[in-house]
Amino acid sequence: MNFIYERLLGGKNGMVGIAILAALIFIILPLSLDLFRLNLVGKYLTYAFAAVSLVLLWGYGGILSLGQGVFFGLGGYCMAMFLKLEASSPENTAIQSTPGIPDFMDWNQLTELPWFWTPFDNFGFTILAVLVVPTVFAFIIGYSMFKRRVGGVYFAIITQIIALILTVLIVGQQGYTGGINGITDLRTLNGWDIRTDSAKYILYFINAILLIGVIFLGRYILTSKFGRLLLAMRDKEDRVRFSGYDVSNFKIFVFCISAMISAIGGAMFTLQVGFMSPSFVGIVPSIEMVIFAAVGGRMSLIGVVYGTLLVNFGKTMFSETFPEMWLFLMGGLFIAVVMYFPNGIAGLWEKHGTKLTSCIKKMQCVDTVKTYISNKRVAKAEATGE
Amino acid sequence: MSISDYTLAIEDLTVSFDGFKAVDALNLYIDKNELRVVIGPNGAGKTTVLDLICGKTRSTEGSIMFKNQELTKLSEHEIVHAGVGRKFQTPSIYENLTVFENLEVSYPEGRSVFGSLGFKRTAEIDERIMEIAKEIFLEEFLDMEAALLSHGQKQWLEIGMLLIQEPELLMLDEPVAGMSVKEREQTAELLKRICEGRSVLVIEHDMDFVASIAHKVTVLHQGKILAEGDMESVQNDPAVIEVYLGH
């Protein structure tokens with residue numbers, strides 16, 4: 001009981017924070033938005049997975065990854081492959097020269113399903129792949145970099161390059177990946193049509209539940225000794241190493257976990273939006289994810305969710321009115337956050353939120369003094385018999 | 001006495017950086033329960049010797065035997081596990097954590113990834129942390145963020161973070177740098193207490209402090225040993241005087 005209260009809910013403050021967030025995404029938003037807008041929020045919340053993963057990796061671990069889009073994309077593609085195979089049944093694709101394979105393969109003169117596509121007709125395998133493929137990929141990258149003590153800005157640049165390479169690879173291998181268009185025209189999940197209104201609601205709530213679950217996972221990790229070690233490594237890596245810890249193992253682990261969390265977001269993205277394309281894998285989405293985390297507050301698992309929602313609402317609003325200006329605005333926002341409020345929205349709340357609550361308390365004090373005085377007056381008046 | 005009787009036996013240790021020999025065929029033996037101080041002018045190779053022992057720098061030649069275990073082949077964390085603790089020259093503590101958390105993170109349990117995820121604070125660990133905090137004069141500051149400690153207190157905290165691991169060889173790089181006179185006295189007292197049951201290797205510049213703690217003093221010069229013995233004989237050694245006072 002104590003474990004759940006202290007470690008997962010984060011004591012009184014943490015519990016209030018998570019309750020407010022849950023109320024917002026489970027009750028307030030679904031009740032106040034139409035389905036189109038709610039579906040947009042659902043899409044934004046899938047980015048929040050990547051932002052949460054960056055709290056662990058970047059906020060606490062001090063490891064800046066400019067390639068979270070890679071893992072988001074891998075998770076999304078794994079899910080998309082399953083949905084695409086289901087949508088490409090021989091009956092649905094009877095007009096193709098090779099029925100039963102995805103349409104883009106047929107357009108690219110492929111006559112049979114590539115070997116790495118075949119296991120994706122199994123839903124259990126797909127779920128496993130969503131979690132394992134990005135994690136293993138992160139392990140390979142992490143192992144080869146952290147064991148060699150590559151870190152800091154070099155790590156950031158290399159992850160960015162990996163994001164670029166993967167995009168180029170996906171675009172270039174059109175017959176296997178769907179190319180620049182991505183994997184589109186996804187219809188059903190085990191026979192359940194994901195395009196209907198009811199499916200959209202259900203997927204929104206599944207996504208929201210998973211997000212809260214991931215925040216709990218993050219809390220569990222950060223409140224353990226592992227979390228304190230992450231902070232310690234960020235501060236004084238050598239001291240941790242010469243205290244008997246194999247620092248690289250800790251970095252590899254947190255990188256793998258963050259990859260897995262991003263991948264869950266990617267898979268939910270595919271389900272809710274109905275397609276996956278390289279434009280969610282590359283450099284720009286990866287950097288956007290870092291901005292979401294920075295704006296929300298990279299030390300706050302909950303703050304980054306608000307950061308993601310705000311930046312994305314801003315993006316939608318601005319790109320409707322001034323489409324060319326958006327990227328500049330986003331860059332400006334990032335610089336402003338780094339320079340003026342490095343702990344993001346969560347940091348501002350911590351700084352001014354307590355002032356606000358103490359201000360409210362003070363006002364109550366003023367009230368009690370006022371009633372005290374008026375009571376005295378009444379008592380005096382009674383005593384003097386007036 | 002054979003080599004195996006020493007806690008630490010360094011033989012023919014050499015490290016060369018692009019041809020410059022920072023440590024040159026060094027032989028150094030440290031006994032159990034001994035507190036050895038290494039002195040020497042700037043650039044003599046004192047810190048490099050500590051770097052070599054704890055694995056921060058890799059030797060070019062020679063051997064470092066610690067309790068009959070060759071350290072030159074081990075990685076940094078394995079050397080720590082073998083029982084070697086090292087304090088850095090500038091206080092190296094975790095400023096964002098409290099004093100308690102600093103000591104807790106250094107406690108030698110839950111050192112693997114999954115061990116640290118499942119690590120639980122037990123009464124035993126609490127007790128041990130209290131004990132160490134008392135020893136390093138910080139029992140009243142356990143809940144304070146380490147960044148707010150004074151310079152001297154940070155030095156003590158780092159010593160405490162090593163003590164909690166119960167190393168058999170403790171290496172301290174200028175432990176009293178930047179300390180007040182009173183803090184120096186307290187530190188000398190602390191060092192005398194902690195060298196019981198283990199060996200301590202200290203690098204220090206402050207001669208009064210050295211005289212107050214050292215069992216034996218080693219003078220390094222240009223990567224080689226210039227003199228070795230008790231403080232008095234070393235101070236009267238003409239070669240040492242020449243090195244320190246110049247030609």
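Domain bounds are those of an automatic or database domain assignment. On this basis, chain A is divided into domain 1 (15-342) and domain 2 (347-386). The centres of domain 1 of chain A and domain 2 of chain A, taken over C-alpha atoms, are separated by 50 Å. The model is predicted: local features need pLDDT of at least 70, side-chain atom pairs count only at pLDDT 80 or more, and totals for chains, interfaces and linings use all residues. Residues are numbered from 1 along each chain as its sequence is written, while chains are lettered from A and ligands numbered from 1 in the order in which they are written.

Along the principal axes, the C-alpha atoms of chain A fill a box of roughly 105 × 55 × 50 Å. Chain A has 16 helices and 2 strands. Helices (H or I, at least four residues) and strands (E, at least two) are DSSP runs, numbered from the N terminus. Of the 386 residues of chain A, 42% count as buried. A residue is buried if 20 or more other C-beta atoms, placed from the backbone, lie within 10 Å of its own; 12 or fewer make it exposed, and values in between partly exposed. Two residues are in contact if their C-beta atoms, placed from the backbone, lie within 7 Å. Among contacts in chain A with a separation of 6 or more, 79% come from residues 24 or more positions apart.

The contact between the chains takes 23 residues from chain B and 21 residues from chain A. On the side of chain B that touches chain A, the elements giving two or more residues are helix 2 (76-82), helix 3 (99-106) and helix 4 (113-117) of chain B. Helix 2 of chain B gives the most, with 4 residues.

Strand 8 (residues 199-203) of chain B is largely enclosed by the rest of the structure, because 5 of its 5 residues are buried. Both faces are covered. S199(B), L201(B) and I203(B) are buried on one side, V200(B) and V202(B) on the other. In a regular strand the side chains alternate between the two faces of the sheet.

Two strands pair if DSSP finds at least two bridges between them. Strand 3 (residues 35-39) of chain B runs parallel to strand 8 of chain B, joined by 4 bridges. Here L35(B) has V200(B) as its bridge partner. Strand 7 (residues 169-173) of chain B also runs parallel to strand 8 of chain B, with 5 bridges. D173(B) is partnered by I203(B).
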